[in-house]
Amino acid sequence: MEAVLINPKLTINKKDMLTTGIVYMPIGLAYINSMLKKNNISTLVLDLFSLKTTKVKSNGNFLEIGEDIESYFDKFTKESVFFIYANQIINHDYIIYILKKIKNKFPDNIFAIIQNSQAVTAYSLQDVKNIFFENGADILLVGNSEFASLELMNRLKKNNEIEKIKNTITKFNKNIERNLNGNIDNIDFPDWIGFNIEEYWKLKHSHGPLTSKKYLPILTSRGCPYPCKFCVVPKTSNRIWNFRSAGNIVDEIEEYINKYDVKEFHLEDLNPTVNEKMTKELCREIIKRNIKITWKIVSGTKIESIKSTNTLDLMKESGCSYISISPESGSAKLMRLIDKPFDIKHAIKMIKHMNKIQIKSQACFVLGFPGEESEDINLTKKMIFDMTQSGLDEIAIFIITPIPGSSIFNKFQGFTRLADLNFSPIWRKDYKKLNSIRLRFYLYFIILKLFNFPIKFIKQIYNFFTLRFETKMEMVPYKFLKWYFLKLRS
(Lines give C-alpha, C1' and ligand atoms only; values in the text may rest on other atoms or scores of the structure.)
Protein backbone atom coordinates (compact mmCIF):
# COMPACT_ATOMS: atom_id res chain seq x y z
CA MET A 1 0.00 0.00 0.00
CA GLU A 2 1.43 3.36 -1.07
CA ALA A 3 0.42 6.93 -0.18
CA VAL A 4 0.32 9.20 -3.23
CA LEU A 5 0.79 12.81 -2.10
CA ILE A 6 -0.45 15.29 -4.70
CA ASN A 7 0.18 19.03 -4.74
CA PRO A 8 -1.93 20.75 -7.44
CA LYS A 9 -0.79 23.05 -10.19
CA LEU A 10 -0.29 26.76 -9.54
CA THR A 11 -3.38 28.78 -10.50
CA ILE A 12 -3.18 32.43 -11.59
CA ASN A 13 -5.99 34.91 -12.18
CA LYS A 14 -5.36 36.23 -15.71
CA LYS A 15 -6.91 39.57 -14.79
CA ASP A 16 -4.51 40.13 -11.90
CA MET A 17 -1.16 38.43 -12.33
CA LEU A 18 0.44 40.95 -9.98
CA THR A 19 -1.55 39.88 -6.93
CA THR A 20 -2.16 36.20 -7.74
CA GLY A 21 0.38 33.58 -8.82
CA ILE A 22 2.21 33.62 -5.48
CA VAL A 23 4.36 30.53 -5.06
CA TYR A 24 4.05 28.68 -1.75
CA MET A 25 6.17 25.61 -1.15
CA PRO A 26 3.81 22.85 0.13
CA ILE A 27 5.23 22.53 3.63
CA GLY A 28 2.07 20.87 4.99
CA LEU A 29 2.42 18.05 2.49
CA ALA A 30 6.14 17.76 3.25
CA TYR A 31 5.27 17.24 6.93
CA ILE A 32 2.90 14.39 6.00
CA ASN A 33 5.55 12.91 3.71
CA SER A 34 7.92 12.82 6.66
CA MET A 35 5.36 11.36 9.09
CA LEU A 36 4.46 8.50 6.75
CA LYS A 37 8.02 7.64 5.72
CA LYS A 38 9.27 7.65 9.33
CA ASN A 39 6.60 5.03 10.02
CA ASN A 40 7.68 2.79 7.12
CA ILE A 41 4.86 3.76 4.79
CA SER A 42 5.87 4.14 1.16
CA THR A 43 5.07 7.51 -0.46
CA LEU A 44 4.96 8.83 -3.99
CA VAL A 45 5.17 12.63 -4.14
CA LEU A 46 3.61 14.38 -7.14
CA ASP A 47 4.17 18.11 -6.80
CA LEU A 48 2.51 18.93 -10.11
CA PHE A 49 3.65 22.56 -10.11
CA SER A 50 7.34 21.84 -9.54
CA LEU A 51 7.26 18.95 -12.02
CA LYS A 52 6.75 21.42 -14.89
CA THR A 53 6.99 25.10 -13.88
CA THR A 54 7.02 26.22 -17.54
CA LYS A 55 3.93 24.33 -18.72
CA VAL A 56 0.82 26.52 -18.78
CA LYS A 57 -2.81 25.88 -19.72
CA SER A 58 -5.65 28.34 -19.99
CA ASN A 59 -8.88 27.64 -18.09
CA GLY A 60 -11.37 30.48 -18.40
CA ASN A 61 -10.14 33.42 -16.33
CA PHE A 62 -7.27 31.36 -14.96
CA LEU A 63 -3.88 30.02 -15.96
CA GLU A 64 -2.81 26.64 -14.58
CA ILE A 65 0.93 26.02 -14.38
CA GLY A 66 2.40 22.57 -13.86
CA GLU A 67 2.37 18.99 -15.12
CA ASP A 68 -0.89 17.19 -15.94
CA ILE A 69 -2.03 14.57 -13.43
CA GLU A 70 -2.82 12.19 -16.32
CA SER A 71 0.92 11.88 -17.02
CA TYR A 72 1.32 9.77 -13.86
CA PHE A 73 -1.60 7.36 -14.09
CA ASP A 74 0.80 4.53 -14.97
CA LYS A 75 2.45 4.93 -11.54
CA PHE A 76 -0.81 4.24 -9.67
CA THR A 77 -2.10 0.84 -8.59
CA LYS A 78 -5.21 -0.55 -6.91
CA GLU A 79 -3.24 -0.28 -3.65
CA SER A 80 -2.61 3.48 -3.99
CA VAL A 81 -4.16 5.76 -1.37
CA PHE A 82 -4.51 9.29 -2.74
CA PHE A 83 -3.88 12.36 -0.61
CA ILE A 84 -4.75 15.59 -2.46
CA TYR A 85 -3.55 18.83 -0.87
CA ALA A 86 -6.20 21.59 -0.84
CA ASN A 87 -3.45 24.16 -0.46
CA GLN A 88 -5.07 27.41 -1.65
CA ILE A 89 -8.68 28.23 -2.50
CA ILE A 90 -7.73 29.63 -5.91
CA ASN A 91 -6.64 26.07 -6.84
CA HIS A 92 -10.04 24.58 -5.97
CA ASP A 93 -11.16 23.86 -9.54
CA TYR A 94 -8.00 21.93 -10.35
CA ILE A 95 -8.15 20.10 -7.01
CA ILE A 96 -11.62 18.84 -7.95
CA TYR A 97 -10.35 18.02 -11.45
CA ILE A 98 -7.58 15.83 -9.97
CA LEU A 99 -10.08 14.07 -7.73
CA LYS A 100 -12.56 13.33 -10.52
CA LYS A 101 -9.92 12.23 -13.06
CA ILE A 102 -8.22 9.74 -10.77
CA LYS A 103 -11.51 8.53 -9.29
CA ASN A 104 -12.77 7.76 -12.79
CA LYS A 105 -9.68 5.60 -13.44
CA PHE A 106 -9.41 4.05 -9.95
CA PRO A 107 -12.98 4.07 -8.56
CA ASP A 108 -12.30 1.65 -5.70
CA ASN A 109 -9.28 3.42 -4.21
CA ILE A 110 -9.39 5.66 -1.13
CA PHE A 111 -9.24 9.44 -1.66
CA ALA A 112 -8.30 11.84 1.16
CA ILE A 113 -8.33 15.64 0.87
CA ILE A 114 -5.85 17.49 3.08
CA GLN A 115 -6.80 20.88 4.49
CA ASN A 116 -4.09 23.55 4.65
CA SER A 117 -4.62 24.72 8.21
CA GLN A 118 -1.64 27.07 8.41
CA ALA A 119 -2.45 29.60 5.67
CA VAL A 120 -4.91 32.47 5.37
CA THR A 121 -5.23 31.76 1.63
CA ALA A 122 -6.65 28.26 2.23
CA TYR A 123 -10.24 27.30 3.04
CA SER A 124 -12.33 25.26 5.46
CA LEU A 125 -13.09 21.83 4.03
CA GLN A 126 -15.83 21.39 6.60
CA ASP A 127 -17.78 24.26 5.02
CA VAL A 128 -17.60 22.81 1.50
CA LYS A 129 -17.45 19.13 2.36
CA ASN A 130 -20.38 18.14 0.13
CA ILE A 131 -18.52 19.34 -2.97
CA PHE A 132 -15.67 16.93 -2.23
CA PHE A 133 -17.89 13.99 -1.31
CA GLU A 134 -20.04 14.47 -4.41
CA ASN A 135 -16.88 14.27 -6.53
CA GLY A 136 -15.49 11.10 -4.97
CA ALA A 137 -13.61 11.99 -1.77
CA ASP A 138 -13.81 9.43 1.04
CA ILE A 139 -12.32 11.44 3.91
CA LEU A 140 -11.27 15.02 4.66
CA LEU A 141 -8.24 15.62 6.89
CA VAL A 142 -8.68 18.88 8.81
CA GLY A 143 -6.79 20.68 11.55
CA ASN A 144 -3.23 19.38 11.80
CA SER A 145 -3.19 16.39 9.47
CA GLU A 146 0.08 14.53 10.10
CA PHE A 147 -1.27 12.13 12.69
CA ALA A 148 -4.59 11.69 10.89
CA SER A 149 -2.81 10.69 7.68
CA LEU A 150 -0.72 8.11 9.54
CA GLU A 151 -3.75 6.66 11.34
CA LEU A 152 -5.66 6.49 8.05
CA MET A 153 -2.91 4.41 6.42
CA ASN A 154 -2.61 2.12 9.45
CA ARG A 155 -6.38 1.56 9.62
CA LEU A 156 -6.58 0.81 5.92
CA LYS A 157 -3.86 -1.82 6.30
CA LYS A 158 -5.98 -3.54 8.96
CA ASN A 159 -9.31 -2.94 7.21
CA ASN A 160 -10.50 -0.97 10.22
CA GLU A 161 -13.14 1.76 10.16
CA ILE A 162 -11.82 5.19 9.18
CA GLU A 163 -14.73 7.21 10.62
CA LYS A 164 -13.19 7.40 14.11
CA ILE A 165 -9.91 9.09 13.16
CA LYS A 166 -9.41 12.42 14.91
CA ASN A 167 -9.36 15.58 12.79
CA THR A 168 -11.33 13.99 9.96
CA ILE A 169 -14.69 14.32 8.26
CA THR A 170 -16.39 11.50 6.34
CA LYS A 171 -19.81 11.26 4.73
CA PHE A 172 -21.14 9.68 7.89
CA ASN A 173 -19.12 11.22 10.71
CA LYS A 174 -17.30 14.33 11.89
CA ASN A 175 -14.48 13.95 14.41
CA ILE A 176 -12.71 17.29 14.68
CA GLU A 177 -10.23 18.00 17.46
CA ARG A 178 -7.99 20.71 16.09
CA ASN A 179 -5.71 21.30 19.06
CA LEU A 180 -2.30 19.67 19.01
CA ASN A 181 -1.86 18.17 22.44
CA GLY A 182 1.59 17.90 23.93
CA ASN A 183 4.95 18.98 22.60
CA ILE A 184 4.98 19.70 18.86
CA ASP A 185 8.75 19.15 18.90
CA ASN A 186 7.72 15.51 18.51
CA ILE A 187 6.59 16.12 14.93
CA ASP A 188 9.36 15.18 12.51
CA PHE A 189 10.84 17.83 10.25
CA PRO A 190 9.33 18.14 6.75
CA ASP A 191 10.75 15.70 4.20
CA TRP A 192 11.33 17.57 0.92
CA ILE A 193 12.51 14.55 -1.08
CA GLY A 194 10.35 14.28 -4.18
CA PHE A 195 9.22 17.92 -4.22
CA ASN A 196 11.75 19.12 -6.82
CA ILE A 197 12.83 22.01 -4.60
CA GLU A 198 15.50 22.95 -7.13
CA GLU A 199 12.68 24.00 -9.47
CA TYR A 200 11.35 26.38 -6.82
CA TRP A 201 14.81 27.92 -6.56
CA LYS A 202 15.09 28.32 -10.33
CA LEU A 203 11.99 30.53 -10.32
CA LYS A 204 13.94 33.24 -8.46
CA HIS A 205 10.76 34.36 -6.70
CA SER A 206 8.73 33.01 -3.78
CA HIS A 207 6.10 34.06 -1.28
CA GLY A 208 8.65 36.02 0.71
CA PRO A 209 11.27 38.33 -0.82
CA LEU A 210 14.04 36.08 -2.12
CA THR A 211 17.54 37.40 -1.58
CA SER A 212 19.55 34.18 -1.97
CA LYS A 213 19.66 31.48 -4.63
CA LYS A 214 18.13 28.94 -2.25
CA TYR A 215 15.54 29.08 0.51
CA LEU A 216 13.17 26.86 2.49
CA PRO A 217 10.02 27.58 4.48
CA ILE A 218 9.87 26.99 8.23
CA LEU A 219 6.92 26.62 10.62
CA THR A 220 8.04 27.57 14.13
CA SER A 221 4.51 27.33 15.55
CA ARG A 222 0.95 26.20 14.85
CA GLY A 223 -2.29 28.11 15.22
CA CYS A 224 -3.18 31.74 15.92
CA PRO A 225 -4.85 33.20 19.04
CA TYR A 226 -6.63 36.04 17.22
CA PRO A 227 -10.27 35.92 15.98
CA CYS A 228 -10.13 38.18 12.88
CA LYS A 229 -13.50 37.98 11.17
CA PHE A 230 -12.21 38.06 7.58
CA CYS A 231 -9.77 35.23 8.27
CA VAL A 232 -10.39 31.50 7.85
CA VAL A 233 -7.78 30.43 10.39
CA PRO A 234 -10.06 30.54 13.48
CA LYS A 235 -12.03 27.78 11.74
CA THR A 236 -9.25 25.77 10.06
CA SER A 237 -6.65 25.86 12.82
CA ASN A 238 -7.21 26.71 16.46
CA ARG A 239 -7.09 29.61 18.92
CA ILE A 240 -4.44 27.86 20.99
CA TRP A 241 -0.97 28.85 19.81
CA ASN A 242 1.51 25.94 19.97
CA PHE A 243 5.18 26.72 19.56
CA ARG A 244 8.30 24.64 19.06
CA SER A 245 11.37 24.94 21.25
CA ALA A 246 14.24 27.08 20.00
CA GLY A 247 16.57 24.09 19.97
CA ASN A 248 14.19 22.06 17.83
CA ILE A 249 13.78 24.87 15.28
CA VAL A 250 17.51 25.46 14.99
CA ASP A 251 18.10 21.71 14.65
CA GLU A 252 15.87 21.84 11.58
CA ILE A 253 17.74 24.85 10.23
CA GLU A 254 21.08 23.10 10.68
CA GLU A 255 19.75 19.99 8.96
CA TYR A 256 18.81 22.05 5.90
CA ILE A 257 22.15 23.86 5.91
CA ASN A 258 23.99 20.54 5.88
CA LYS A 259 21.62 18.75 3.50
CA TYR A 260 20.78 21.46 0.97
CA ASP A 261 23.28 24.25 1.64
CA VAL A 262 20.36 26.60 2.34
CA LYS A 263 21.10 29.82 4.22
CA GLU A 264 17.79 31.66 3.81
CA PHE A 265 14.62 30.68 5.69
CA HIS A 266 11.08 32.03 5.35
CA LEU A 267 8.87 31.76 8.42
CA GLU A 268 5.40 30.87 7.13
CA ASP A 269 3.77 30.78 10.57
CA LEU A 270 0.37 32.35 11.00
CA ASN A 271 1.82 34.36 13.88
CA PRO A 272 5.40 33.41 14.84
CA THR A 273 6.09 36.03 17.55
CA VAL A 274 3.09 35.55 19.85
CA ASN A 275 5.42 34.63 22.72
CA GLU A 276 8.24 37.19 22.94
CA LYS A 277 10.23 34.95 25.29
CA MET A 278 10.20 32.21 22.65
CA THR A 279 11.27 34.72 19.97
CA LYS A 280 14.27 35.75 22.08
CA GLU A 281 15.19 32.14 22.80
CA LEU A 282 15.18 31.36 19.08
CA CYS A 283 17.45 34.31 18.35
CA ARG A 284 19.85 33.42 21.15
CA GLU A 285 20.02 29.78 20.01
CA ILE A 286 20.96 30.85 16.46
CA ILE A 287 23.61 33.22 17.84
CA LYS A 288 24.89 30.61 20.31
CA ARG A 289 25.46 28.07 17.53
CA ASN A 290 27.13 30.76 15.39
CA ILE A 291 24.87 29.99 12.42
CA LYS A 292 25.11 32.63 9.70
CA ILE A 293 21.68 32.69 8.07
CA THR A 294 19.01 35.09 6.87
CA TRP A 295 15.48 34.56 8.14
CA LYS A 296 12.30 36.45 7.33
CA ILE A 297 8.77 36.67 8.73
CA VAL A 298 6.95 36.53 5.40
CA SER A 299 3.34 35.65 6.30
CA GLY A 300 2.91 38.40 8.84
CA THR A 301 2.86 38.77 12.59
CA LYS A 302 1.16 40.96 15.16
CA ILE A 303 3.68 43.69 15.84
CA GLU A 304 2.41 44.24 19.42
CA SER A 305 3.78 40.80 20.31
CA ILE A 306 7.28 42.19 19.68
CA LYS A 307 7.18 44.39 22.71
CA SER A 308 10.68 45.87 22.80
CA THR A 309 13.18 47.39 20.39
CA ASN A 310 15.75 45.26 22.20
CA THR A 311 13.96 42.20 20.81
CA LEU A 312 14.29 43.67 17.31
CA ASP A 313 18.02 44.15 17.93
CA LEU A 314 18.32 40.51 18.94
CA MET A 315 16.35 39.41 15.89
CA LYS A 316 18.64 41.43 13.64
CA GLU A 317 21.74 39.98 15.25
CA SER A 318 20.46 36.45 14.63
CA GLY A 319 19.85 37.13 10.94
CA CYS A 320 16.28 38.50 10.69
CA SER A 321 16.08 40.84 7.70
CA TYR A 322 12.35 41.17 6.95
CA ILE A 323 9.15 41.45 9.01
CA SER A 324 5.62 41.64 7.65
CA ILE A 325 2.94 43.10 9.91
CA SER A 326 -0.82 43.47 9.40
CA PRO A 327 -2.40 46.76 10.51
CA GLU A 328 -5.36 46.01 8.16
CA SER A 329 -6.98 49.45 8.55
CA GLY A 330 -6.30 52.89 10.00
CA SER A 331 -9.85 53.03 11.34
CA ALA A 332 -10.37 51.99 14.96
CA LYS A 333 -14.07 51.52 14.20
CA LEU A 334 -13.36 49.12 11.36
CA MET A 335 -10.79 47.23 13.42
CA ARG A 336 -13.47 46.65 16.06
CA LEU A 337 -15.70 45.22 13.34
CA ILE A 338 -12.84 43.00 12.20
CA ASP A 339 -12.21 42.10 15.85
CA LYS A 340 -8.52 42.90 15.65
CA PRO A 341 -7.25 45.78 17.80
CA PHE A 342 -4.04 47.46 16.62
CA ASP A 343 -1.62 49.72 18.49
CA ILE A 344 -0.53 52.29 15.90
CA LYS A 345 1.85 54.13 18.26
CA HIS A 346 3.73 50.93 19.04
CA ALA A 347 3.81 50.01 15.34
CA ILE A 348 5.32 53.39 14.41
CA LYS A 349 7.94 52.99 17.12
CA MET A 350 8.92 49.55 15.89
CA ILE A 351 8.96 50.55 12.21
CA LYS A 352 11.30 53.44 13.02
CA HIS A 353 13.63 51.05 14.80
CA MET A 354 13.48 48.47 12.01
CA ASN A 355 14.42 51.24 9.59
CA LYS A 356 17.32 52.20 11.85
CA ILE A 357 18.77 48.66 12.13
CA GLN A 358 17.93 47.76 8.51
CA ILE A 359 15.23 45.16 8.95
CA LYS A 360 12.89 45.56 5.98
CA SER A 361 9.25 46.10 6.96
CA GLN A 362 5.95 45.42 5.22
CA ALA A 363 2.48 46.52 6.29
CA CYS A 364 -0.63 44.76 4.93
CA PHE A 365 -4.00 46.48 4.59
CA VAL A 366 -7.48 45.37 3.54
CA LEU A 367 -10.20 47.20 1.64
CA GLY A 368 -13.89 46.41 1.33
CA PHE A 369 -14.66 44.89 4.73
CA PRO A 370 -18.43 45.04 5.39
CA GLY A 371 -19.24 48.37 7.03
CA GLU A 372 -16.21 50.22 5.66
CA GLU A 373 -16.96 53.85 4.73
CA SER A 374 -15.02 56.63 3.00
CA GLU A 375 -13.91 57.99 6.38
CA ASP A 376 -12.35 54.62 7.24
CA ILE A 377 -10.49 54.57 3.91
CA ASN A 378 -9.13 58.07 4.60
CA LEU A 379 -7.88 56.92 8.00
CA THR A 380 -6.08 54.03 6.31
CA LYS A 381 -4.46 56.52 3.94
CA LYS A 382 -3.29 58.55 6.95
CA MET A 383 -1.84 55.42 8.54
CA ILE A 384 0.08 54.67 5.35
CA PHE A 385 1.42 58.24 5.44
CA ASP A 386 2.53 57.95 9.09
CA MET A 387 4.16 54.56 8.59
CA THR A 388 5.92 55.56 5.38
CA GLN A 389 7.30 58.68 7.07
CA SER A 390 8.64 56.38 9.78
CA GLY A 391 10.58 54.22 7.31
CA LEU A 392 8.13 51.53 6.17
CA ASP A 393 9.64 49.68 3.21
CA GLU A 394 6.53 48.39 1.45
CA ILE A 395 2.78 47.98 1.64
CA ALA A 396 0.41 45.27 0.43
CA ILE A 397 -3.28 45.98 -0.08
CA PHE A 398 -5.86 43.23 -0.44
CA ILE A 399 -9.52 43.47 -1.31
CA ILE A 400 -11.64 41.46 1.11
CA THR A 401 -12.96 38.18 -0.25
CA PRO A 402 -15.15 35.76 1.73
CA ILE A 403 -13.33 32.48 2.34
CA PRO A 404 -15.41 29.42 3.32
CA GLY A 405 -14.98 29.14 7.07
CA SER A 406 -14.51 32.86 7.75
CA SER A 407 -17.10 34.78 9.78
CA ILE A 408 -17.99 36.94 6.77
CA PHE A 409 -18.45 34.11 4.27
CA ASN A 410 -22.24 34.38 4.14
CA LYS A 411 -22.23 38.19 3.92
CA PHE A 412 -21.27 38.28 0.24
CA GLN A 413 -22.98 37.29 -2.99
CA GLY A 414 -21.98 37.38 -6.63
CA PHE A 415 -19.27 34.73 -6.97
CA THR A 416 -20.03 31.61 -9.00
CA ARG A 417 -17.11 29.34 -8.05
CA LEU A 418 -14.83 28.93 -5.08
CA ALA A 419 -11.73 29.67 -7.16
CA ASP A 420 -13.12 33.21 -7.63
CA LEU A 421 -12.49 33.84 -3.92
CA ASN A 422 -8.88 34.88 -4.43
CA PHE A 423 -6.91 38.08 -3.84
CA SER A 424 -8.70 39.71 -6.78
CA PRO A 425 -12.48 39.29 -6.27
CA ILE A 426 -13.46 40.76 -9.64
CA TRP A 427 -17.02 39.46 -9.08
CA ARG A 428 -17.64 42.08 -6.38
CA LYS A 429 -19.91 44.89 -7.61
CA ASP A 430 -17.58 47.41 -5.99
CA TYR A 431 -14.37 45.77 -7.25
CA LYS A 432 -13.51 48.50 -9.77
CA LYS A 433 -13.95 51.18 -7.14
CA LEU A 434 -11.91 49.28 -4.54
CA ASN A 435 -9.19 48.38 -7.03
CA SER A 436 -8.95 52.03 -8.06
CA ILE A 437 -8.45 52.98 -4.40
CA ARG A 438 -5.87 50.20 -4.07
CA LEU A 439 -3.88 51.47 -7.06
CA ARG A 440 -4.03 55.07 -5.80
CA PHE A 441 -2.75 53.92 -2.40
CA TYR A 442 0.19 52.17 -4.06
CA LEU A 443 1.02 55.28 -6.08
CA TYR A 444 0.67 57.45 -2.96
CA PHE A 445 3.08 55.19 -1.07
CA ILE A 446 5.63 55.20 -3.89
CA ILE A 447 5.60 59.02 -4.09
CA LEU A 448 5.94 59.33 -0.31
CA LYS A 449 8.84 56.92 -0.26
CA LEU A 450 10.57 58.62 -3.18
CA PHE A 451 10.50 61.99 -1.42
CA ASN A 452 11.27 60.76 2.10
CA PHE A 453 13.76 57.98 1.36
CA PRO A 454 15.12 58.51 -2.18
CA ILE A 455 18.20 56.33 -1.63
CA LYS A 456 16.08 53.40 -0.45
CA PHE A 457 13.80 53.91 -3.45
CA ILE A 458 16.73 53.78 -5.87
CA LYS A 459 18.07 50.70 -4.07
CA GLN A 460 14.76 48.93 -4.67
CA ILE A 461 15.04 49.57 -8.40
CA TYR A 462 18.60 48.22 -8.30
CA ASN A 463 17.41 45.11 -6.43
CA PHE A 464 14.78 44.46 -9.11
CA PHE A 465 17.36 44.42 -11.90
CA THR A 466 19.88 42.33 -9.93
CA LEU A 467 17.20 39.83 -8.81
CA ARG A 468 18.21 40.26 -5.19
CA PHE A 469 14.84 41.04 -3.66
CA GLU A 470 14.79 42.57 -0.20
CA THR A 471 11.04 43.33 -0.38
CA LYS A 472 8.05 41.77 -2.11
CA MET A 473 7.41 44.99 -4.06
CA GLU A 474 10.76 44.52 -5.80
CA MET A 475 9.99 40.87 -6.58
CA VAL A 476 6.34 41.10 -7.70
CA PRO A 477 7.05 42.85 -11.04
CA TYR A 478 9.58 40.13 -11.87
CA LYS A 479 7.01 37.45 -11.01
CA PHE A 480 4.41 39.23 -13.14
CA LEU A 481 6.75 39.44 -16.15
CA LYS A 482 7.64 35.77 -15.79
CA TRP A 483 4.00 34.64 -15.82
CA TYR A 484 3.06 37.15 -18.51
CA PHE A 485 5.68 35.97 -20.98
CA LEU A 486 4.90 32.34 -20.14
CA LYS A 487 1.27 33.12 -20.96
CA LEU A 488 2.27 34.69 -24.31
CA ARG A 489 4.49 31.74 -25.18
CA SER A 490 1.63 29.32 -24.49
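**A buried pair and its surroundings**

Guide: Lys456 and Asp393 are both buried. Buried means under 20% relative accessible area, exposed means over 50%, and partly exposed lies in between (1.4 Å probe, protein chains only). This is a predicted model: local features need pLDDT of at least 70, side-chain atom pairs count only at pLDDT 80 or more, and totals for chains, interfaces and linings use all residues. Residues are numbered from 1 along each chain as its sequence is written, and side-chain values use heavy atoms, with hydrogens and water left out.

Lys456 and Asp393 form a salt bridge, with the closest N and O atoms 2.8 Å apart. Lys456 belongs to helix 15 (residues 454–466) and Asp393 to the loop between helix 13 (374–389) and strand 18 (394–399), so the pair ties together parts that are 63 residues apart in sequence. The term salt bridge needs a side-chain nitrogen of Lys or Arg within 4 Å of a carboxyl oxygen of Asp or Glu. Helices (H or I, at least four residues) and strands (E, at least two) are DSSP runs, numbered from the N terminus. Side chains of opposite charge can pair when their charged atoms come close.

Lys456 has a second contact. It lies over the face of Phe453, at 5.1 Å from the ring centre. Here, over a ring means that NZ of Lys or CZ of Arg is within 6 Å of the ring centre and within 35 degrees of the ring normal. Lys302 sits over a ring as well: the face of Tyr226, at 5.6 Å from the ring centre.

Now the other salt bridges. The whole structure holds 28. One of them joins Glu264 to Lys296, with the closest N and O atoms 2.9 Å apart. Glu264 is in strand 14 (residues 264–267) and Lys296 in strand 15 (residues 294–301), so this pair ties together parts that are 32 residues apart in sequence. Glu264 and Lys296 are buried. Arg244 bridges to Glu252, and their closest N and O atoms are 2.8 Å apart. Arg244 is buried at 4% relative accessible area. Glu252 is buried too, at 0% relative accessibility. Elsewhere, salt bridges link Lys9, Lys55, Lys57, Glu67 and Asp68 into a network.

Next, the rings. There are 21 aromatic pairs in the structure. Phe73 and Phe106 have ring centres 6.5 Å apart and planes at 90°, so the pair is edge-to-face. Phe73 lies in the loop between strand 5 (62–65) and strand 6 (80–86), and Phe106 in the loop between helix 3 (92–105) and strand 7 (110–115), so the pair ties together parts 33 residues apart in sequence. Tyr256 and Phe265 make a stacked pair, at 6.5 Å centre to centre and 20° between the planes. Rings of Phe, Tyr and Trp (its six-membered ring) pair if their centres lie within 6.5 Å; planes under 30 degrees apart count as stacked, over 60 as edge-to-face and the rest as tilted. Phe73 is buried at 16% relative accessibility, and Phe106 is buried at 11%. Tyr256 and Phe265 are buried as well. Ring pairs also link Phe73, Phe76, Phe82, Phe106 and Phe111 into a cluster.

Seven strands form an open sheet in the order 3-1-6-7-8-9-10, with mixed pairing. Strand 3 (42–47) and strand 10 (174–175) stand at the edges with a single partner strand each, so one side of each has no neighbour in the sheet. Two strands pair if DSSP finds at least two bridges between them. Strand 1 (residues 2–7) and strand 3 pair in the parallel sense over six bridges. Val4 stands opposite Leu44 in strand 3. Five of the six residues of strand 3 are buried, so it is largely enclosed by the rest of the structure. Strand 7 and strand 8 (residues 139–141) also pair in the parallel sense, over three bridges. Ile114 stands opposite Leu141 in strand 8.

Last, a more open spot. Lys158 lies in the loop between helix 5 (146–157) and strand 9 (168–169). Lys158 is exposed, at 61% relative accessible area. Its C-alpha atom is 19 Å from that of Phe83, 75 residues away along the chain.
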